Amino acid sequence: MAFRKALKRTAVVGGGAVAAAFGLSQFIEYRKTQARLAHVAAEAELKVPFADELPTRQAQLAALRNTEEFDVLVVGGGATGAGCALDAVTRNLKTALVERNDFSSGTSSRSTKLIHGGVRYLQKAIMQLDYEQVPPPPHLLLFLLHLLLSLIFNLLLYQYMMVKEALHERANLLEIAPHLSAPLPIMLPVYKWWQLPYYWAGIKMYDLVAGIQCLKSSYVLSKTKALELFPMLKKDKLVGAIVYYDGQHNDARMNLAIALTAARYGAVVANYTEVVHLLKTKDQQTGAEKVCGARCRDVITGQEFDVKAKCVINATGPFTDALRKMDNQKTQNICQPSAGVHIVIPGYYSPDNMGLLDPATSDGRVIFFLPWEKMTIAGTTDTPTNVTAHPIPGEDDINFILREVRNYLSPDVEVRRGDVLAAWSGIRPLVTDPSSKDTQSICRNHIVSISDSGLVTIAGGKWTTYRSMAEETLDAAVKALGLSAESCKTVGLMLEGAKGWTPTLYIRLVQDYGLENEVAQHLASTYGGKAFDVAKMAQVTGQRWPIVGKRLVSEFPYIEGEVLYAIKEYACTAIDVIARRTRLGFLNVQAADEALPRIVQIMGKELDWSQERMTAELEAAKKFLYHEMGYRSRSEQLTKTSEINLDYQEVIRYKKRFHKFDKESKGFITTVDVQQVLESINVHIDENSLHEILNEVDLNKNGQVEIDEFLQLMSAVKKGQVSDSRLAILMKTAEETLDKRGPVTVDRSGGGV
């Protein structure tokens with residue numbers, strides 16, 4: 001009886017809530033459509049001039065120094081800061097933006113690469129109702145009905161209010177940068193049959209809240225169909241799956257596109273320009289101090305200068321409190337940083353166009369498993385951290401993600417630690433509202449606050465809602481500081497590269513310039529309509545095909561011409577190129593390491609670097625890969641233990657292989673030894689490449705590989721800690737080729753004459 005009474009209460013509340021939600025969602029979608037039409041009309045009337053050529057960084061710095069006063073100075077070049085600059089300049093405000101590192105060098109380039117409406121809030125509602133005890137018949141149908149109604153009610157509380165804005169922004173972002181973003185189907189596997197209608201109801205609510213902006217309708221898959229689409233999935237106890245759609249993008253390039261678009265509309269944007277301290281003036285009427293600009297320093301040259309502005313916007317993400325304390329040392333911290341680690345593993349771990357969502361990991365957090373740039377991204381973790389400009393992925397976090405991935409993949413797929421090609425950590429700037437009575441509660445969304453001295457702070461939020469956050473920030477600034485500005489114009493405003501892009505643009509690149517198909521597709525999806533400008537910079541290969549486009553590394557479609565174009569896009573260091581203008585450092589640290597010398601050489605020639613500067617750039621980029629992109633963790637897999645976990649027969653086999661190269665029984669091999677054996681089987685590798693190959697295994701860095709180091713390598717390969725050692729593969733191939741040849745018989749050799 002108690003259960004039935006609870007069911008009746010739930011049905012009344014849930015049913016009413018569903019009806020109210022449906023009616024409200026339709027009304028809001030109608031209002032959004034009307035607003036959309038108004039914004040389209042506003043964009044057509046945009047009076048802000050648009051530059052065909054980007055000003056150089058030197059010209060931007062000169063404008064910062066020489067402009068008497070800006071209306072708005074934005075501090076921070078992440079997604080939110082760049083969004084604020086674009087919003088401000090298109091309102092016809094004189095706008096400047098400074099970033100102490102590179103655009104998107106922080107959190108905005110280290111995301112999960114999703115443009116989502118907040119499926120984590122969906123997961124929170126689901127987890128709150130995760131029943132483990134399923135009642136037997138005859139109460140089973142009542143139980144399921146109670147479950148669904150309760151789920152809908154919880155989703156109204158958690159999802160509708162939190163997600164509707166993000167889904168609107170998701171649709172807008174996919175529209176204004178179609179070359180950098182696309183819908184992605186994501187599978188939610190179900191391993192308990194009663195959860196299938198339960199999860200289905202939750203996902204359908206996700207579609208409902210999106211309304212007319214739903215990318216594609218979600219659907220249910222049988223076990224057979226789920227395995228057909230995602231063959232790596234664990235089969236045991238699989239009931240079926242639900243597929244829903246979210247957006248995916250190239251986050252660093254998207255951030256850069258926002259900043260470049262702002263620059264083309266006249267905003268003065270400068271990377272590697274840090275704020276030393278805020279400038280203040282006294283209000284003549286009240287005597288109170290007001291922020292009126294900032295003292296800035298060119299990080300590259302060390303020169304300092306003042307930038308005056310009527311309004312200063314703090315959009316520094318995890319560093320929010322540092323700038324707030326420049327304004328007032330006694331102000332209370334509002335940022336509560338959290339580190340999220342992601343890993344990149346080979347593309348064969350996931351289908352080309354299907355992601356995976358694990359809604360219930362061992363620590364209660366959502367884990368995504370997504371195809372990206374022909375690789376697979378897995379993440380993210382969520383651990384408290386200190387604010388730092390150089391977050392480092394921890395080995396514990398990497399192993400946690402690998403363990404969770406193993407839970408959802410077939411036992412046939414061996415998930416190896418050595419398959420981690422790159423790893424990174426990003427700091428989420430979670431915030432508490434300074435105006436809230438409960439200062440310990442973390443905001444699920446974002447906050448806009450204005451200090452007594454007029455410093456405007458935008459903090460928190462997520463990638464997807466950067467535009468609406470910027471709009472809210474500028475609205476607040478205009479109202480509080482009395483700026484003369486037009487209404488927001490950024491809904492539907494196309495970003496850098498969007499104009500002129502079509503899904504078949506890459507074909508013209510192949511036909512007009514003689515680029516490889518893969519390279520042309522990459523250029524089109526990275527630069528959009530600007531891909532032709534990059535193609536014009538591509539060097540002639542001297543081959544029959546491709547005619548132009550020398551690759552930086554053979555297995556990735558990045559070409560040397562992109563390095564030259566990166567400089568036009570304000571790249572100042574080699575790190576800017578491997579991490580944010582291309583994404584090589586995020587995809588494969590070893591490949592990025594191999595490409596670095598050529599990148600530094602091209603940049604050095606173009607920017608007239610001294611030999612000392614080129615050496616420093618190379619060392620800094622290698623340090624970046626080693627610490628921040630997971631190269632250190634990757635290298636330590638071989639060095640962290642001296643144990644050799646091989647049985648007797650394996651030791652004998654690997655020693656035999658080693659001695660095919662160590663013919664003089666020295667106990668070690670060098671590049672000369674390896675080169676001689678490879679040449680005997682008609683394999684030719686230049687000495688520099690061989691040195692790099694041996695250096696991966698040379699633990700004590702003495703220029704040679706000892707037998708113990710080789711056995712330790714083979715033990716690490718056996719345990720999955722190392723999966724792509726070039727030396728191990730070369731030596732195995734050479735051994736097999738030599739064994740196939742066998743000894744030459746006397747009659748075949750002419751009797752020994």
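This briefing walks through a predicted model of one protein, from its overall make-up to single residues. The protein has 753 residues, and 55% of them are buried. Its secondary structure comes to 25 helices and 20 strands. The mean pLDDT is 84.

**Overall picture**

- The protein exposes about 32900 Å². Carbon and sulfur atoms supply 53% of that area.

**Confidence**

- A pLDDT of 70 or more is reached by 82% of the residues.
- Residues 1-42 have a pLDDT below 50. Beyond near neighbours in sequence, this stretch still has 42 contacts in the model.
- Residues 127-137 also have a pLDDT below 50. Their count of contacts beyond near neighbours in sequence is 23.
- Where pLDDT is low, predicted coordinates should not be read in detail.

**The largest nonpolar core**

- In soluble globular proteins, nonpolar side chains tend to be buried together.
- The largest nonpolar core of this model holds 48 residues. Those touching the most other members are Val72, Val74, Leu86, Ile313, Tyr466 and Leu495.
- A second, separate core has 39 residues. Ala566, Ile567, Leu587 and Leu625 are among them.

**Helix H3, a covered helix**

- H3 has twelve residues. From its first C-alpha to its last, H3 reaches 16 Å, close to the 16 Å expected at 1.5 Å a residue.
- How many of the twelve residues of H3 are buried? Twelve of the twelve are.
- The buried residues of H3 include Ala79, Gly81, Cys84, Leu86 and Val89. Thr80, Asp87 and Thr90 are also buried.
- What covers the buried residues of H3? The cover includes strands E1, E2 (95-98), E10 and E18, along with helices H8 and H11.
- Leaving aside neighbours within four places in sequence, Leu86 is in contact with Ile258, Thr261, Ala262, Tyr265, Thr490, Leu493 and Leu495.
- H3 is followed by Asn92, whose phi is positive, near 70°.

**A buried aspartate**

- Asp327 is found in helix H9 (residues 320-327).
- Is Asp327 buried or exposed? Its relative accessible area is 10%, so Asp327 is buried, as the limit for buried is under 20%.
- Leaving aside neighbours within four places in sequence, Asp327 is in contact with Leu278, Lys280, Val291, Ser451, Ser453 and Leu455.

- Most residues other than glycine have a negative phi, and most peptide bonds are trans.
- The peptide bond from Gly379 to Thr380 is cis, with omega near 25°. Thr380 lies in the loop between strand E14 (375-379) and strand E15 (383-384).
- The peptide bond from Trp545 to Pro546 is cis too, with omega near -5°. Pro546 is found in the loop between helix H14 (531-537) and helix H15 (561-568).
- Tyr570 is not a glycine, yet its phi is positive, about 75°. Tyr570 sits in the loop between H15 and helix H16 (574-581). At 2% relative accessibility, Tyr570 counts as buried.
- Asn682 also has a positive phi, near 60°, and is a residue other than glycine. Asn682 lies in the loop between helix H22 (671-680) and helix H23 (687-695).
- Is Asn682 buried or exposed? Its relative accessibility is 63%, so Asn682 counts as exposed, the cut-off being over 50%.

**A record on domains**

- An unreviewed UniProt entry lists "domain: EF-hand" for residues 649-684 and 685-720.
- In the model, residues 649-684 are 58% helix and 6% strand. The end C-alpha atoms of this stretch are 31 Å apart.

Definitions and conventions: Residues numbered from 1 in each chain as written. Predicted model: local features only at pLDDT ≥ 70, side-chain atom pairs only at ≥ 80, totals over all residues. Heavy atoms only, no water. Core = buried A, V, L, I, M, F, W, Y, C linked by side-chain atoms within 4.5 Å. Buried < 20%, exposed > 50% of the residue type's maximum accessible area, 1.4 Å probe, protein only. Contact = heavy atoms within 4.5 Å. UniProt positions renumbered as here; feature names shortened; annotations may be inferred. Helix = DSSP H or I, 4+ residues; strand = E, 2+ residues; numbered from the N terminus. pLDDT = per-residue confidence, 0-100. Expected span 1.5 Å × (residues − 1). Areas by Shrake-Rupley, 256 points an atom, 1.4 Å probe, with all protein chains shown as cover.
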